[in-house]
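Please examine the sequence and the structure before reading on.

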Amino acid sequence: MVHALTEAQRVLKPNGILIDLRSAAKHRCAGLGERKRWKLVGVMREDFADDIAADRAVKQVVREGLFQQESLVEFDLDRVMDTLQDLRAWLDDFSTDKLPSHDWLYQRVERALEKKRDGTKIAVRGLMRLRLLRKVEH
Amino acid sequence: MALVMDPVEDEIRALKGITNWHGKRVLEVGCGDGRLTLRLAKFNPEKIIAFDPDPKLIRTARKNLPEKYKGRIEYRVGNAEHVKQKPDLFDVVIFSWVL
């Protein structure tokens, strides 16, 4: 990760900026409905080891004087799905040896969806972090 | 079946607000199938070079590249740790879900 950040610093023009866009280390939430009508159904269980390592790498390059942090913005990002099959396919990507299965969440969404009218969307909401780092000249 | 990412465009609003992209040379690292690249192109940067280590995703991105962006967006296979670019070339480097 530090190597990737160093490469970015190398190819940036003087005073250029690096934007680091990724999920915050916070469990995503599955719910029903969209935007302000969204209702929480269950919270995922995720492994944040990579996110924590990435945060450390960013801190390291700032400490070493390659970049200085200028701003940090957080916002919610929704993934809106039409069907339970979409949710299943998406949750399957999280099935690893390190992580527990999300079958319980799928079933909870399925039960909640049965009580809703046709066409209700499933939405997974997660916090995103957008960091702006400026290249430091030496 | 469909999954729509960021239908209300909170992501693109945040990206637009964080810097001025107009006329800039942009390197996007981890472009995947080009979903974000096409959104960034709407900010009128001079050029976007976007790469991803997965050749399949780069093929998809190239296939989905609208005619109007040909010449302004270039997709390449590559990884973040060995950027095959000369030094001091880009105004903005964006890591999209890479670190």
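Two strands are said to pair if DSSP finds at least two bridges between them. The model discussed here is predicted.

**Strand pairing**

Strand β4 of chain A (residues 67-81) and β1(B) run antiparallel and are joined by three bridges. Within this pairing, A:R79 has B:M5 of β1(B) as its bridge partner. Strand β1 of chain A (residues 12-23) is joined to β5(B), to which it runs parallel, and A:D20 stands opposite B:F95 there. Inside chain A, β1(A) also pairs with strand β5 (residues 122-135) in the antiparallel sense; here A:S23 is opposite A:M128.

| Strands | Direction | Bridges |
|---|---|---|
| β4(A) and β1(B) | antiparallel | three bridges |
| β1(A) and β5(B) | parallel | six bridges |
| β1(A) and β5(A) | antiparallel | seven bridges |

**The contact between the chains**

In total, 37 residues of chain A are in contact with 32 residues of chain B. On the chain B side, β1 (3-5), α1 (10-18) and β5 (90-96) each supply at least two residues. The most come from β5(B), which gives seven residues. By class, this side of chain B has 23 nonpolar, three polar and six charged residues.

**The nonpolar cores**

The largest nonpolar core has 43 residues, and those touching the most other members are A:L18, A:I19, B:V26, B:V29, B:V92, B:V93 and B:I94. Leaving aside residues up to four places away in sequence, B:V93 touches A:A8, A:V11, A:L12, A:L18, B:L27 and B:V29. A second, separate core of ten residues includes A:L87, A:V109, A:I122 and A:A123.

Notes
Residues numbered from 1 in each chain as written. Chains lettered and ligands numbered in written order. Predicted model: local features only at pLDDT ≥ 70, side-chain atom pairs only at ≥ 80, totals over all residues. Core = buried A, V, L, I, M, F, W, Y, C linked by C-beta atoms within 7 Å. Buried ≥ 20, exposed ≤ 12 C-beta atoms within 10 Å, placed from the backbone. Contact = placed C-beta atoms within 7 Å. Helix = DSSP H or I, 4+ residues; strand = E, 2+ residues; numbered from the N terminus. Nonpolar A, V, L, I, M, F, W, Y, C, P; charged D, E, K, R; others polar.
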